[in-house]
Amino acid sequence: MGVIRLGRVELRVMDLERSVDYYTRIIGLEETGRSEGRVYLKAWDEYDHHSIILQQADSAGMDHFGFKVERLEDLDELEKKAEYFGVFTNRISYGTRLGEGQAVRLELPTGHFVELYHEIEHLGTPMGTLNPHPFPEPETLRGIAPHRLDHVLLTGDDVETVTRFFIEALDFRQSEKIMTVDGEMMIGSFLFKTNTAHDVAFIKGPDAKLHHAAFFVDNWYDVLKAADILTRNEVPIEVTPTRHGISRGETVYFFDPSGNRNEAFANGYMTYADFPTITWTEDKIGQGIFYHRRALIESFQKALT
């Protein structure tokens with residue numbers, strides 16, 4: 001009951017066709033539909049109609065992200081919990097987005113918009129659900145070819161309140177947090193509803209900004225392969241393949257044509273209902289984010305959309 005998983009992210013892009021080329025040919029997503037000013041995409045291992053929506057806009061960034069809920073009735077229950085917490089809500093009507101039913105739109109304390117939805121057209125995967133092969137015909141895979149959308153990382157001023165909202169109203173758990181050295185202030189929060197290290201994360205910074213949207217690949221080799229593909233296509237790479245201390249994931253960071261940061265993310269630990277929250281102190285944040293380098297880079301803190 002309640003939120004099942006991260007379902008979609010709607011990104012603002014400034015050149016729609018150039019972005020479609022990037023997300024299909026280089027990332028390797030499949031185009032599943034178009035409506036006025038929007039293109040819908042999914043990864044090969046995703047069953048729903050879309051997980052990424054590209055929206056033609058004058059500036060880059062994230063319009064909203066969305067969580068799929070288990071039952072239609074969950075929309076009413078979670079809407080009441082959000083309103084009780086003091087979060088502004090409104091309803092998105094049937095058919096506003098291609099292949100989707102109604103949704104509840106929430107404005108988070110950090111200024112981001114998140115939508116909860118249940119009904120979405122089911123397209124399935126190329127392998128089907130009866131005696132399936134483990135992956136599609138290799139010649140049909142393009143680019144990095146991630147399995148799925150994995151997580152989003154956002155910035156906001158009030159990390160503690162948005163963390164309380166996700167835990168108290170949406171029943172998330174916290175896998176890791178970053179605290180000031182004196183322990184007085186939370187400046188990073190990693191939250192999960194599935195069994196991954198994080199479905200959504202917040203770090204202290206300007207409100208309503210996107211830090212990155214991440215795609216899941218299988219392993220370290222796939223992260224290296226992603227970097228090779230990015231370089232071959234002259235995609236700006238911000239951080240070459242490395243490991244996170246937080247989540248233990250393997251990673252490469254890069255930018256789409258509008259400047260939205262993407263990540264190819266592999267592995268990381270598994271979470272569960274009694275997973276203890278891991279604490280990092282601010283003086284070790286470099287090691288937490290980039291385990292090998294042990295220091296942040298300036299653009300990683302400032303390049304936000």
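This text walks through a predicted model, from its annotated domains to a charged network and then to one helix.

The UniProt record, an unreviewed entry, places the feature "domain: VOC" at residues 5-119 and 148-267. In the model, residues 5-119 are 21% helix and 43% strand, with the end C-alpha atoms 14 Å apart. Residues 148-267 are 19% helix and 48% strand, and there the end C-alpha atoms lie 13 Å apart.

Salt bridges come next. Side chains of opposite charge can pair when their charged atoms come close. The model has 23 salt bridges. One of them joins Glu100 to Arg8, with 2.7 Å between the closest N and O atoms. Glu100 sits in the loop between strand E6 (88-92) and strand E7 (103-107), while Arg8 belongs to strand E1 (residues 3-13), so the pair ties together parts 92 residues apart in sequence. Both ends are buried: Glu100 has 8% relative accessibility, and Arg8 has 0%.

A second pair is Arg97 and Glu115, whose closest N and O atoms are 2.6 Å apart. This pair also links distant parts of the chain, with Arg97 in the loop between E6 and E7 and Glu115 in strand E8 (residues 113-117), 18 residues apart. Arg97 is buried at 8% relative accessible area, and Glu115 is buried at 0%. Through shared partners, salt bridges join Arg8, Glu10, Arg38, Asp63, Arg97, Glu100, Arg105 and Glu115 into one network.

Beyond its neighbours within four places in sequence, its contacts include Arg8, Glu10, Arg97, Arg105 and Glu115. The side chain of His64 also makes a polar contact of 2.7 Å with that of Asp63. His64 counts as buried because its relative accessibility is 0%.

The salt bridge between Arg71 and Glu77, at 3.1 Å from N to O, has another setting. Arg71 is partly exposed, at 28%, and Glu77 is partly exposed, at 37%.

The last stop is helix H4 (residues 220-232), whose 13 residues reach 19 Å from first to last C-alpha, close to the 18 Å expected. Its buried residues are Asp222, Val223, Ala226, Ala227, Ile229 and Leu230. Down the helix axis these fall within an arc of 160°, so they line one face of H4. Their cover includes helix H1 (16-26) and strands E13 (209-217), E14 (237-243), E15 (249-255) and E16 (261-267). The face turned away carries the exposed residues Tyr221, Asp228, Thr231 and Arg232. After H4 comes Glu234, with a positive phi near 55°.

Key. Residues numbered from 1 in each chain as written. Predicted model: local features only at pLDDT ≥ 70, side-chain atom pairs only at ≥ 80, totals over all residues. Heavy atoms only, no water. Buried < 20%, exposed > 50% of the residue type's maximum accessible area, 1.4 Å probe, protein only. Polar contact = N/O pair within 3.5 Å; in protein donor to acceptor, adjacent residues only side chain to side chain. Contact = heavy atoms within 4.5 Å. Helix = DSSP H or I, 4+ residues; strand = E, 2+ residues; numbered from the N terminus. Expected span 1.5 Å × (residues − 1). Arc of directions from axis to C-beta. UniProt positions renumbered as here; feature names shortened; annotations may be inferred. Salt bridge = Lys/Arg side-chain N within 4 Å of Asp/Glu carboxyl O.
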